[in-house]
Amino acid sequence: MIGRLNHVGVATPSIEDSIRMYRDTLGVTDIGDKFKMEEQGVWVCFVNVANSQIELIEPIDESSPITRFLRANPRGGQHHICFEVEDLLQARDAMVAKGARVLGEPRIGAHGTPIIFVHPKDMGGVLIELMQTPTAAH
Ligand code: CO
């Protein structure tokens, strides 16, 4: 059973342009610093709203998995949604047991806790990220 919606992942060709849009057009005041996630091939920036976060993701270079997404969606767009789970390995095993395709091995996500992705073809067309619920330290 999934827990709360943690964030919505949004791919963008320019985190700076997206920050301007969220700040100046939508009036968001709580926006984190952009940081690099080398292994995932992306820059990440969290836009904090009252009940959740938008995770802006921009490719580091052409080899990034996000590059292909941006070729199909040049202006950027919604890329994934992320739900928290109490125990990531248990959730992974449950997904596999129910026939959903889990993409790759668990890895450490942008919040510093383990994550997996579940194939959109098994999730009603939506790429689903499951992340272990962060503790107070995260
Ligand atoms: Co995410």
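Which helices and strands each supply at least two residues of the lining of the largest pocket? They are β4 (42–49), β5 (52–59), α2 (65–72), β6 (77–85), β7 (102–108) and β8 (114–118). Helices (H or I, at least four residues) and strands (E, at least two) are DSSP runs, numbered from the N terminus.

The model is predicted: local features need pLDDT of at least 70, side-chain atom pairs count only at pLDDT 80 or more, and totals for chains, interfaces and linings use all residues. Residues are numbered from 1 along each chain as its sequence is written, and side-chain values use heavy atoms, without hydrogens and water.

Start with the largest pocket. Its volume is about 580 Å³. Of its 23 lining residues, P65, I66, H79, F117 and L127 are the closest to the centre. A pocket is an open set of points on a 1 Å grid over the protein atoms alone, where a 1.4 Å probe fits, with protein on both sides within 12 Å along at least five of seven lines; lining residues have an atom within 4 Å of a point. The volume is the space filled by probe spheres set on the points, which are joined across faces, edges and corners. Helix α2 gives the largest share of this lining, four residues. By type, the lining has 14 nonpolar, five polar and four charged residues. Here Ala, Val, Leu, Ile, Met, Phe, Trp, Tyr, Cys and Pro count as nonpolar, Asp, Glu, Lys and Arg as charged, and the others, Gly among them, as polar.

The second largest pocket has a volume of about 190 Å³. Among its lining residues are M1, I2, V85 and L130. Helix α3 (residues 88–97) gives the most to this lining, with four residues.

Now turn to the cores. The largest nonpolar core has 21 residues. Y22, I54, L56, V118 and L130 have the most contacts inside it. Such a core joins buried Ala, Val, Leu, Ile, Met, Phe, Trp, Tyr and Cys residues through side-chain atoms within 4.5 Å. Buried means under 20% relative accessible area, exposed over 50%, partly exposed in between (1.4 Å probe, protein chains only). A second, separate core of nine residues includes A11, V44, I66 and L70.

The ring centres of F35 and F46 lie 6.3 Å apart, with planes at 35°, so the pair is tilted. Rings of Phe, Tyr and Trp (its six-membered ring) pair if their centres lie within 6.5 Å; planes under 30 degrees apart are stacked, over 60 edge-to-face, and the rest tilted. F35 is partly exposed at 28% relative accessibility, whereas F46 is buried at 9%.
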